[in-house]
Amino acid sequence: MADFQAIAAQFVEHYYNTFDTDRKNLAGLYRENSMLTFENTQQLGVNAIVEKLVSLPFQKVKHAPTATDAQPTPNGGIIILVTGQLLVDEEQRPLNYAQAFQLCQDPAGGWFVFNDIFKLVYADRHTPHRLGILTMILCFALGIANIFTFHVLLIIFSVLCLVSSFIILFIEVPLLLRICPTSAAFDGFIRRISTNYMRAAAYGVMAVVQWLSLIIAASSLIAAAVLLTATALCYLLAGIKGQAFVGSKTLGGAGVAQMIV
């Protein structure tokens, strides 16, 4: 058969260029017996496949394949495995993905996608995220508990603790940015806290604020300071190790995964 490696490389380049430009134009690559498995859902036939791809809830997407492997099949087809990263809309956190294709030839000799399987690849790096959720709950509870005091400065620190809990909520549950009527400036601020190092810095600043409350008076806000510091250190360690941030899908985390599936 023709050079299957060259065909695979040309197909991958064409597929992702078309996907990133206008997903509707991918219809010509499928047939009525083609099947797509996108995460946990399956579609059969051109219309169902294109409808699924077009309905994905983002406007812009950019695929960056990092490796392409191909093998010929006994029926004259080609199996292709692609791994890479993708970005959607204004997100700055890339997601790893793997996608497998089986190409077949129609009677006219043209290549089409018979099988297409797409999966996001998650690293198991939930610890800082889970600690962040716990910190958010504690900051909210301690902010409420300490706000009913006669010490004006302690009330201010309690309010700052409450504010920290809401900031953490949007950092750790990014899905809320798509649901809540927040401003573009606020959304941009939260989206900039998009790496482990940025999260470590954000938690570190909030921790310093609560440590300063001890200058005014000893209070239970010290617990918030300790947990904020611990979370900052966890994110810092994750950054040093080069671990990608992954949040709970239930809470809208995993980067932009909730926007894709």
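Helices (H or I, at least four residues) and strands (E, at least two) are DSSP runs, numbered from the N terminus. A residue is buried when its relative accessible area is under 20% and exposed when it is over 50%, with partly exposed in between (1.4 Å probe, protein chains only).

This is a predicted model, in which local features need pLDDT of at least 70 and side-chain atom pairs count only at pLDDT 80 or more, while totals for chains, interfaces and linings use all residues. Residues are numbered from 1 along each chain as its sequence is written, and side-chain values use heavy atoms, leaving out hydrogens and water.

Let us begin with helix 8. Its buried residues are Leu221, Ala224, Ala225, Leu227, Leu228, Thr231, Ala232, Tyr235, Ala238 and Gly239, and they pack against helix 3, helix 4 and helix 7. Helix 8 has 20 residues and reaches 29 Å from its first C-alpha to its last, close to the 28 Å expected at 1.5 Å a residue; the expected span is 1.5 Å times one less than the number of residues.

Now follow helix 7, residues 196-216. With 21 residues, helix 7 should span 30 Å, and its end C-alpha atoms are 31 Å apart, which agrees. Which residues of helix 7 are buried? They are Asn196, Arg199, Ala200, Ala202, Tyr203, Met206, Ala207, Gln210 and Ser213. Seen down the axis of helix 7, these fall within an arc of 165°, so they line one face of the helix. The arc is that of the directions from the helix axis to the C-beta atoms. An α-helix has 3.6 residues a turn, so residues three or four places apart point the same way. On the other side of helix 7, Val205 and Ile215 are exposed. The buried residues pack against helix 3 (127-147), helix 4 (152-172) and helix 8 (221-240).

On a 1 Å grid over the protein atoms alone, a cavity is a set of points where a 1.4 Å probe fits but cannot get out, and a pocket is an open set with protein on both sides within 12 Å along at least five of seven lines; lining residues have an atom within 4 Å of a point. The second largest pocket has a volume of about 200 Å³, and helix 7 gives the largest share of its lining, six residues. Among the lining residues are Leu160, Phe189, Met198 and Val205.

Of the 15 residues that line the largest cavity, the closest to its centre are Phe19, Phe38, Leu56, His63 and Phe118. Helix 1 (4-21), strand 1 (30-38), strand 3 (61-72), strand 4 (78-88) and strand 6 (111-121) each supply at least two lining residues.

Phi of Glu39 is near 55°, a positive value in a residue other than glycine, and Glu39 is buried, with a relative accessible area of 8%.

Finally, in helix 2 (residues 46-54), Val46, Ile49, Val50, Lys52 and Leu53 are buried. They cover an arc of only 160° around the axis, which puts them on the same side of helix 2. The face turned away from them carries the exposed residues Asn47 and Glu51, while helix 1, strand 1 and strand 2 are among the elements that cover the buried residues.

Note on methods: Contact means heavy atoms within 4.5 Å. Grid points are joined across faces, edges and corners, and a volume is the space filled by probe spheres set on the points.
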